[in-house]
Amino acid sequence: MLRPLWQSHVGLFLYPDHRWAFGIIAHTETATELLGRWVSPVSFGLASLLWLGLYREQAPHR
């Protein structure tokens, strides 16, 4: 949700030394942003899958 406010600091970044960073990153000068505008839909999709996987009500045992 912060992507419109801090476009150059939110996303999936790859640094020249092959490190990956995802989220809100302070130092992105040497990094390459990989997802572009897709960071929000991908993040919402992953969050939804995580929520569905963790928020399952237990079926009553017989």
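Is T28 buried or exposed? T28 counts as buried, because its relative accessibility is 11% (buried means under 20% relative accessible area, exposed over 50% and partly exposed in between, with a 1.4 Å probe and protein chains only).

A word on the model: this is a predicted structure, where local features need pLDDT of at least 70, side-chain atom pairs count only at pLDDT 80 or more, and totals for chains, interfaces and linings use all residues. Residues are numbered from 1 along each chain as its sequence is written, and side-chain values use heavy atoms, leaving out hydrogens and water. The chain has a mean pLDDT of 86, with 92% of its residues at 70 or more (pLDDT is the predictor's confidence in each residue, from 0 to 100).

Back to T28, which sits in the loop between strand 2 (20–24) and strand 3 (32–33) (strands are DSSP runs of E with at least two residues, helices runs of H or I with at least four, numbered from the N terminus). Not counting residues up to four places away in sequence, T28 touches S8, H9, F13 and Y15 (contact means heavy atoms within 4.5 Å). A polar atom of the T28 side chain lies 2.9 Å from the backbone oxygen of S8.

The whole structure holds 1 salt bridge (a side-chain nitrogen of Lys or Arg within 4 Å of a carboxyl oxygen of Asp or Glu). D17 and R19 form a salt bridge, with their closest N and O atoms 3.0 Å apart.

Here are some accessibilities side by side:

| Residue | Relative accessibility | Class |
|---|---|---|
| D17 | 47% | partly exposed |
| R19 | 47% | partly exposed |
| L49 | 58% | exposed |

L49 belongs to helix 1 (residues 39–54).

Technical notes
A polar contact is a pair of N or O atoms within 3.5 Å; within protein, one must be able to donate a hydrogen and the other to accept it, and residues adjacent in sequence count only if both atoms are side-chain atoms.
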